[in-house]
Amino acid sequence: MRRKIRLAFFVRSAEIIPCPCCGKLLIVIGSRHRVWYKSSGGRSILIIRRLRCESCFKIHHELPDLLVPYKRYDAESLEGVLNEPPRTDIAVDESTILRWKHWFRTWVVYAQGCYKRFYCGVKFRVAVSAKSFKS
């Protein structure tokens, strides 16, 4: 029995990536396959590097810019569906489009909360010295 030969693309960054959680060094511990569905309906396999933080020991995956975390379709497909007017030339099922729209509505609320928390929290954490006040 013959096996099908599939092309796989290896994804690797040339820069040193810090841990998004603690900022320390990430080391390569292996790789995994990731399916990438294109807006044209084509499918490719990417080999994504698995990275572990030397400090907090969390595992991260090095994704290229064209992929959205936790999604199989490329960012171009998601943008096309979520923009107004939506693109109709993307090879995606209607139920997938509805799930994307629901996911995006939920994610926007989360992202706004993170934005407010970060920027509102930063201005209150700034230390003020006694010398800055006039007596």
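Please keep in mind that the model is predicted. Elsewhere, a group of nonpolar residues forms a patch on the surface.

- Let's begin with Arg 49 and Glu 62, whose side chains meet in a salt bridge with an N to O distance of 2.6 Å.
- This pair links distant parts of the chain, as the two residues are 13 residues apart.
- Arg 49 belongs to strand 3 (residues 43-53), while Glu 62 sits in the loop between strand 4 (59-61) and helix 1 (75-82).
- Both Arg 49 and Glu 62 are buried.

**A salt-bridge network**

- Side chains of opposite charge can pair when their charged atoms come close.
- Arg 87 pairs with Glu 76 in a salt bridge, and their closest N and O atoms are 3.4 Å apart.
- Here too the pair links distant parts of the chain: Glu 76 lies in helix 1, and Arg 87 in the loop between helix 1 and helix 2 (94-124), 11 residues apart.
- Arg 87 also forms a salt bridge with Asp 89, with 2.9 Å between the closest N and O atoms.
- How accessible is Arg 87? Its relative accessible area is 32%, so Arg 87 counts as partly exposed.
- Glu 76 has 44% relative accessibility and is therefore partly exposed as well.
- Asp 89 is exposed, because its relative accessible area of 54% is over the 50% cut-off.

**A nonpolar patch on the surface**

- Which residues form the nonpolar patch? They are Ile 16, Leu 25, Ile 27, Ile 29 and Ile 59, and together they have about 430 Å² of accessible area.
- One of them, Ile 16, is placed in the loop between strand 1 (8-10) and strand 2 (26-37).
- Ile 16 has a relative accessible area of 73%, so this residue is exposed.

- Ala 8 is found in strand 1.
- With a relative accessible area of 39%, Ala 8 is partly exposed.
- Setting aside neighbours within four places in sequence, Ala 8 is in contact with Ile 45 and Ile 47.
- Although Ala 8 and Ile 45 are 37 residues apart in sequence, their C-alpha atoms are 4.8 Å apart in space.

How values were computed: Residues are numbered from 1 along each chain as its sequence is written. This is a predicted model: local features need pLDDT of at least 70, side-chain atom pairs count only at pLDDT 80 or more; totals for chains, interfaces and linings use all residues. Side-chain values use heavy atoms; hydrogens and water are left out. A salt bridge is a side-chain nitrogen of Lys or Arg within 4 Å of a carboxyl oxygen of Asp or Glu. Helices (H or I, at least four residues) and strands (E, at least two) are DSSP runs, numbered from the N terminus. Buried means under 20% relative accessible area, exposed over 50%, partly exposed in between (1.4 Å probe, protein chains only). Patches are made of residues with over 30% relative accessible area and no salt bridge: like charges are joined within 9 Å, nonpolar side chains (Val, Leu, Ile, Met, Phe, Trp, Tyr) within 5 Å. Accessible areas come from the Shrake-Rupley method with a 1.4 Å probe; for residues, only the protein chains shown count as cover. Contact means heavy atoms within 4.5 Å.
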